Amino acid sequence: MRTLYTVLLGIIILLFLRFIGQTLHRHSGKKAMSYTFILLWFVATCWNMYNGMQQGYSALEESGFLLINFGVPALLACYLIYKDTRSK
């Protein structure tokens with residue numbers, strides 16, 4: 001259940017950052033914020049993995065959750081970047 005909440009939080013943060021980018025700079029701002037999201041989200045999910053390892057889980061156990069927690073929102077961000085690039 002925590003993984004689902006983490007993925008949904010990532011998607012919400014991505015959409016919020018893209019909204020801020022759109023209000024500031026239109027298409028280029030949306031793309032820039034999407035790239036920024038990918039970087040920041042990677043750091044946040046690595047920190048989440050580190051916390052899981054501090055609780056006694058192994059790196060192998062946590063790496064699967066890292067892949068899901070980071071991968072789903074990051075793939076959505078990549079798709080939206082691709083979509084923005086194609087719409088010009």
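I started with D84, which counts as buried because its relative accessibility is 6%, and the cut-off for buried is under 20%. This is a predicted model, so I treat each value as computed from that model. D84 is found in helix 2. I left aside its neighbours within four places in sequence and looked up what D84 touches: R18, K30 and K31.

**Entry on R18.** I went from D84 to one of its contacts, R18. R18 lies in helix 1. Is R18 buried or exposed? R18 counts as buried, at 8% relative accessibility. Beyond its neighbours within four places in sequence, R18 is in contact with K30, M33, S34, L80, I81 and D84. I also looked up how far R18 is from M1: they are 17 residues apart in sequence and 26 Å apart in space, C-alpha to C-alpha.

**Entry on the whole chain.** I counted two helices and zero strands in the protein chain. The C-alpha trace spans about 45 × 20 × 20 Å along its principal axes. Of the 88 residues in the chain, 32% are buried. I then took the contacts with a separation of 6 or more, and found that residues 24 or more positions apart account for 68% of them.

**Entry on helix 1.** After helix 1 comes G56, and its phi is positive, near 110°.

**Entry on helix 2.** I ran the span check on helix 2 as well. Its 28 residues should span 40 Å at 1.5 Å a residue, and the end C-alpha atoms are 38 Å apart, which agrees. Helix 2 does have a kink of about 30° at G71, and this kink lies shortly before the proline P73. Which residues of helix 2 are buried? I listed E62, L66, N69, G71, P73, A74, A77, L80, I81 and D84. These buried residues pack against helix 1.

**Entry on the packing of the two helices.** Helix 1 covers residues 2-54 and helix 2 covers residues 59-86. They pack at an angle of about 170°, with their axes 6 Å apart. That angle makes helix 1 roughly antiparallel to helix 2, because angles over 145 degrees count as roughly antiparallel. I sorted the residues in this contact by class and got 24 nonpolar, ten polar and five charged.

**Entry on T3 and T6.** I finished with two threonines of helix 1, T3 and T6. T3 and I68 are 65 residues apart in sequence, but 7.7 Å apart in space, C-alpha to C-alpha. With neighbours within four places in sequence left aside, T3 is in contact with F65, I68 and N69. T6 is buried, with a relative accessible area of 15%. Not counting residues up to four places away in sequence, T6 touches W41, N48 and N69.

Technical notes: Residues numbered from 1 in each chain as written. Predicted model: local features only at pLDDT ≥ 70, side-chain atom pairs only at ≥ 80, totals over all residues. Heavy atoms only, no water. Axes fitted to C-alpha atoms, helices over the stretch in contact; angles between N-to-C directions. Helix = DSSP H or I, 4+ residues; strand = E, 2+ residues; numbered from the N terminus. Parallel < 35°, antiparallel > 145°, perpendicular 65-115°, else oblique. Nonpolar A, V, L, I, M, F, W, Y, C, P; charged D, E, K, R; others polar. Expected span 1.5 Å × (residues − 1). Bend = angle between axes of the 7 residues up to and from the residue. Buried < 20%, exposed > 50% of the residue type's maximum accessible area, 1.4 Å probe, protein only. Contact = heavy atoms within 4.5 Å.
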